[in-house]
Amino acid sequence: MREFTATVLENVCIAEEIWSLTFALEEEQAVRPGQFCMIGVENFPLKRPIAICKAEGERITVCYRLKGEGTRKLASQYRAGEKLQVLLPLGNGFYAEESEKRIAVVGGGVGIFPLISAIRAYAAQKEIYAYMGFRNKAAICMEYEMQRAKRLVIATDDGSYGFCGNAVQAFKNDFSNARPDVIFACGPLPMLRALKAATAGMGIPVYVSLEERMGCGIGACLVCVCDRTNGKKARICKDGPVFEAGEVVL
Ligand SMILES: Cc1cc2nc3c(=O)[nH]c(=O)nc-3n(C[C@H](O)[C@H](O)[C@H](O)COP(=O)(O)OP(=O)(O)OC[C@H]3O[C@@H](n4cnc5c(N)ncnc54)[C@H](O)[C@@H]3O)c2cc1C
Ligand code: FES
């Protein structure tokens, strides 16, 4: 991990309230699927944690939803050629064992973005079954990246596109088709809880990527601490963001 002064190559709106930002690092950086970066926004002391969607040599792409002041300023102020302070790569990421040939990825909302990096990393060696949930048709983005999966089911809460319902319901519906050896998931906590409940007792490892408010992103400030099921604490930025679902209290 190191701090880079990156150059913005592109920062564009790709769906309702969703922006895609591509920047160039000073040099190529190895990034594992599911890792994230901390992006500095002028005049904000804390950087913002955002999953790395694509890493292509020195080019990094992240996608972000407009949420508060930081992400709104990122969208309105940073144009091609501007400089950006970024810290990366951070966190552990997703990892599939050699024996795990069939991977289900289950994502909701901005949780789809770290899963896109997993699809990109594993699509050539594994069979990927992707279940991706969006609010509505207008929020759908990066479909061309998700189509690298052997099977892709897009779900919308209002049924305006694809399966009507959430990503976990879409996954449960299609379970006999997917028969995954391992599951990677990211999304709102109720979605992750529902997935944990749906897969309980099946013996399939489920890895969840957690999103929590962060301060430093490097394990120093303890802002991002969550509870482990063994009573201990974990720092999401340093020990995660990816955990075995049974290892953490969701
Ligand atoms: C590991 C990780 C990966 C993430 N990946 C993505 C992604 O790919 N795309 C995306 O749109 N969002 C992602 N998020 C959420 C994103 O970090 C927040 O939406 C963003 O920080 C909000 O900043 P803001 O200034 O617009 O909002 P504000 O609410 O004004 O932020 C105030 C402070 O709270 C922190 N904060 C607020 N909400 C969150 C949150 N949900 N998670 C973490 N910190 C938060 C901010 O970083 C900032 O320090 C990720 C979060 C984590 C922890
Ligand atoms: S954000 Fe500081 S310890 Fe995790």
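What distance separates the centres of domain 1 and domain 2, taken over C-alpha atoms? In this predicted model, for which local features need pLDDT of at least 70, side-chain atom pairs count only at pLDDT 80 or more, and totals for chains, interfaces and linings use all residues, the separation is 24 Å. Residues are numbered from 1 along each chain as its sequence is written, while chains are lettered from A and ligands numbered from 1 in the order in which they are written.

The protein chain is divided into domain 1 (2–90) and domain 2 (102–209), with bounds that come from an automatic or database domain assignment. Contact between the domains (C-beta atoms, placed from the backbone, within 7 Å) involves 12 residues of domain 1 and 14 residues of domain 2. On the side of domain 1 that touches domain 2, β1 and β6 each supply at least two residues. Helices (H or I, at least four residues) and strands (E, at least two) are DSSP runs, numbered from the N terminus.

One open sheet comprises seven strands in the order β4-β3-β7-β1-β2-β6-β5, with antiparallel pairing; two strands pair if DSSP finds at least two bridges between them. Strand β1 (residues 2–15) pairs in the antiparallel sense with β7 (residues 83–90) over six bridges, and Ala6 stands opposite Leu84 in β7. Helix α1 packs on the sheet, where it touches β1, β2 (18–24), β3 (36–39), β4 and β6, and its direction makes about 125° with that of β6. Axes are lines fitted to C-alpha atoms, for helices over the stretch in contact, and angles run from 0 to 180 degrees between N-to-C directions.

A further open sheet of seven strands has the order β11-β10-β9-β8-β12-β13-β16, with mixed pairing. Strands β8 (residues 102–108) and β9 (residues 127–134) are joined in the parallel sense over seven bridges, with Gly107 opposite Met132 in β9. Helix α2 (residues 112–122) lies across β8, β9, β12 (182–186) and β13 (206–209), at about 160° to β8. Helix α6 (residues 189–199) lies across β8, β12 and β13, and runs at about 175° to β13.

Ligand 1 is surrounded by 22 residues, of which the closest are Ala51, Gly68, Gly70, Thr71 and Phe113; a residue is near a molecule if its C-beta atom, placed from the backbone, lies within 6 Å of it. At least two residues of this shell come from each of β4 (48–51), β6 (59–65) and α1 (69–77).

Key. Two residues are in contact if their C-beta atoms, placed from the backbone, lie within 7 Å.
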